[in-house]
Amino acid sequence: MYVVFLPLPTLLPLLKNSLPKLIFLNATRYEVIDKHLLNQDWLETNHPTIADVACYPYIQLASDAKIALEAYPQVSAWVTRIKQLPLYVAMPGF
């Protein structure tokens, strides 16, 4: 599974004219991840990998994109598992 997140400078010109479409695309991305996590606890293997670490900040900030993680129970459970990892350091505000 591959998840691609665009950096903010790339997104800004798109946001100006396409915010509703981008919100839909982001929501679709969360649906794909949610389905992917139905049968496994982590994104790629049976233990956390760099894929989980790299995707976590973007997924944790879903509310900034007006996406409620509560709509994606597998993603929400995955976020909880990330937070329970040894040496986890919370992002400011979370």
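Helices here are DSSP runs of H or I with at least four residues, strands are E runs of at least two, and both are numbered from the N terminus. This is a predicted model, where local features need pLDDT of at least 70, side-chain atom pairs count only at pLDDT 80 or more, and totals for chains, interfaces and linings use all residues. Residues are numbered from 1 along each chain as its sequence is written, and side-chain values use heavy atoms, with hydrogens and water left out.

Figure 1. Of its 94 residues, 26% count as buried (buried is under 20% relative accessible area, exposed is over 50%, and partly exposed is in between, using a 1.4 Å probe and protein chains only). The accessible surface comes to about 6500 Å², with 65% of that belonging to carbon and sulfur atoms; areas come from the Shrake-Rupley method with a 1.4 Å probe, and for residues only the protein chains shown count as cover. Now for contacts, meaning heavy atoms within 4.5 Å: among those between residues at least 6 apart in sequence, 66% join residues at least 24 apart.

Figure 2. The score is pLDDT, the predictor's confidence in each residue, from 0 to 100. The protein averages 81, and 70% of the residues score at least 70.

**Figure 3. Helix H3 (residues 73-83) has buried residues at Val 75, Trp 78, Val 79, Arg 81 and Ile 82.** Seen down the axis of H3, these buried residues fall within an arc of 160°, so they line one face of the helix. That arc is taken over the directions from the helix axis to the C-beta atoms. As background, an α-helix has 3.6 residues a turn, so residues three or four places apart point the same way. Ala 77 is also in H3, but is partly exposed, with a relative accessible area of 28%. The C-alpha atoms of Ala 77 and Asp 34 are separated by 9.6 Å, though the two residues are 43 apart along the chain.

**Figure 4. Tyr 30 and Tyr 72 make a tilted aromatic pair.** A search of the whole structure turns up three aromatic pairs. To count, rings of Phe, Tyr or Trp (its six-membered ring) need centres within 6.5 Å; planes under 30 degrees apart are stacked, over 60 edge-to-face, and the rest tilted. For Tyr 30 and Tyr 72, it's 5.9 Å centre to centre and 35° between the planes. Tyr 30 sits in helix H1 and Tyr 72 in the loop between helix H2 (50-60) and H3, so the pair ties together parts that are 42 residues apart in sequence. Tyr 30 counts as buried at 3% relative accessibility, and Tyr 72 counts as buried at 10%.

**Figure 5. Tyr 56 and Tyr 88 meet edge-to-face.** Their ring centres are 6.0 Å apart and their planes are at 80°, so the pair is edge-to-face. Here, too, distant parts of the chain are linked: Tyr 56 is in helix H2 and Tyr 88 in the segment after H3, 32 residues apart. Tyr 56 counts as buried, at 6% relative accessibility, whereas Tyr 88 is partly exposed at 26%. Together with Trp 78, the two tyrosines Tyr 56 and Tyr 88 form one aromatic cluster. The C-alpha atoms of Tyr 56 and Trp 78 are 9.1 Å apart. Leaving aside neighbours within four places in sequence, Tyr 56 is in contact with Trp 78, Val 79, Ile 82, Lys 83, Tyr 88 and Met 91.

**Figure 6. Arg 81 lies over the face of Trp 42.** Arg 81 belongs to helix H3 and is 5.7 Å from the ring centre of Trp 42. A charge sits over a ring when NZ of Lys or CZ of Arg is within 6 Å of the ring centre and within 35 degrees of the ring normal. Beyond its neighbours within four places in sequence, Arg 81 is in contact with Gln 40, Asp 41, Trp 42 and Gln 74. Its C-alpha atom is separated by 9.3 Å from that of Pro 48, 33 residues apart along the chain.

**Figure 7. Leu 87 has a positive phi.** Its phi is near 70°, in a residue other than glycine. Most residues other than glycine have a negative phi. Leu 87 is found in the segment after H3 and counts as exposed, at 83% relative accessibility.
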